[in-house]
Amino acid sequence: MGSNPAMKTPKDAAIAGYGVYIPRYRLPSEEVARIWRGGEEAPLIKKAVAALDEDITTMAVEAARRALKMAEVKELGAIFVGTETKPYAVKPTSTIVAQALAQHKVLASDLEFACKAGTEALQLILALIGSGMIESGLAIGVDTAQGRPGDDLEFTAASAAAAYILSKRDGDSIAVVEGASSYVSDTTDFWRRAGQPYPRHLSRFTGEPAYFHHIQSAVKNLFAEFGYKPSDFKYAVFHQPNPRFPVEVALRLGFNLEQIKPGLLNPYVGNPYAANSLLGLAAVLDEAHVNDLILLCSFGSGAGSDALSIRVLDGVEVKRRKAQNKVMDMLKAAVDIDYATYAKLRGKIVG
Amino acid sequence: MAISYWRRRDRYYRLLGNRCTQCNSEYYPPAYLCRRCGSESLVDVEMPTTGQILTYTILREVMSGFEGQQPIVIGIVQLDNGVKVLGQIVDTPLDALKIGCRVRLVFRKIRDESNVGQIYYGYKFTALC
């Protein structure tokens, strides 16, 4: 696999702005354990829960508006929404986002690849800018993840959105993708059949043959193709379905806890699927300095990983000061809810 | 989507009102004629996304299509340009609601036409107090 040619990322395309949206409500995992596990010990997670009147469309619009404000970009050429929880099976979310942003002369589409649809959207926008087809584009990773009541997934399946504006690189750019490497295989670790409300998973398959194999393969290929080593990176952000996996994969690949801690949000947000790793990247960009190198590696069930090396540019500090959208601020605004409120907000009980 | 809603979607999605080019008065919903100077020359303009609660009421019985959302808080918000807008106030505990409280515009679902119908999106407000 490592002998394949490296993916060529455009050097004249860069991140111009980013915005996140995390719903206000948090369900502590102890509440799920209280209802379904007889109160046994639960992982220390508070997952973000969308309100009754929120879905991926509303969260995508909120995140996108913040990203646009930070980027100070007036016109977009493309809008891609990566998600697996579309409110309509047939009717694009990206067109509703486009209407809400008053952007009509755009290529718009929804993408699905479980939890890695967001990084796919980002790479496709990069490619369109790099090819010269568009000047600027919007990539969104967003989900209102659902777990079957009582299932392991219910402890973590969460809601959030992360949006990135990419544009032609200039002096105000925030970060540039230096290298990218993707790795996929047919591995059925987690899936949801059409028309079904909740996903299924093969518990044993979600770890070694799925998450670890794909992330490790993508990152090792990236390192081989571009000559990186773990110590080159100030930060590393891995997909974080639970608090344990990202720590373990980081250590296996030679990273230390200091490198992953700033982007490790699972204990405070849960797993918002396609928004997951992009949310971690936003938290890192909130504190990164010029010339820092960031490793971002997503994972999507089914299965695949996108590994990206991202170099922070001069525009980061000025743009960050202007934006009022720090991940930490959204975490501080959280309000805990009980299982009954969660059941109402997520439509598990209907009045 | 009902045709009337579709025609007005920019009003609901972006709080798109208009401004008189003669005297700069702003309106939401958009006016056909400036109520201050009588000019027919008005241009589209997005309203500010922040303001304060002038008054509010709590609906514990809700109309069809809004079941499950009760209690619903409906308020009159004075936007930062002075324009008054009627809207739902969400994500705010009832005991935290106060007249004068600052609010921010949010994009939300207004209502669903059951599991097979259309979803209506639009603006609401969330309190910052």
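This is a predicted model: local features need pLDDT of at least 70, side-chain atom pairs count only at pLDDT 80 or more; totals for chains, interfaces and linings use all residues.
Residues are numbered from 1 along each chain as its sequence is written, chains are lettered from A and ligands numbered from 1 in the order in which they are written, and side-chain values use heavy atoms, leaving out hydrogens and water.

**Exercise 1.** Work out how chain B meets chain A.

*Solution.* Start with contacts (heavy atoms within 4.5 Å): 23 residues of chain B touch 22 residues of chain A. Next, take the buried area, the accessible area (1.4 Å probe) that two parts lose on being put together, summed over both. Here that is about 1,900 Å², and carbon and sulfur atoms give 47% of this area. Now look for salt bridges, where a side-chain nitrogen of Lys or Arg lies within 4 Å of a carboxyl oxygen of Asp or Glu. The rule finds four across the interface; one of them pairs Glu62(A) with Arg104(B), with the closest N and O atoms 3.5 Å apart.

**Exercise 2.** Compare the radius of gyration of chain A with the globule rule.

*Solution.* The radius is taken over C-alpha atoms, and the rule is 2.2 Å times the number of residues to the power 0.38. For 351 residues, a compact globule would come near 20 Å; chain A has 19 Å, which agrees. Finally, check burial (under 20% relative accessible area, 1.4 Å probe, protein chains only): 62% of the 351 residues of chain A count as buried.

Notes. Buried means under 20% relative accessible area, exposed over 50%, partly exposed in between (1.4 Å probe, protein chains only).
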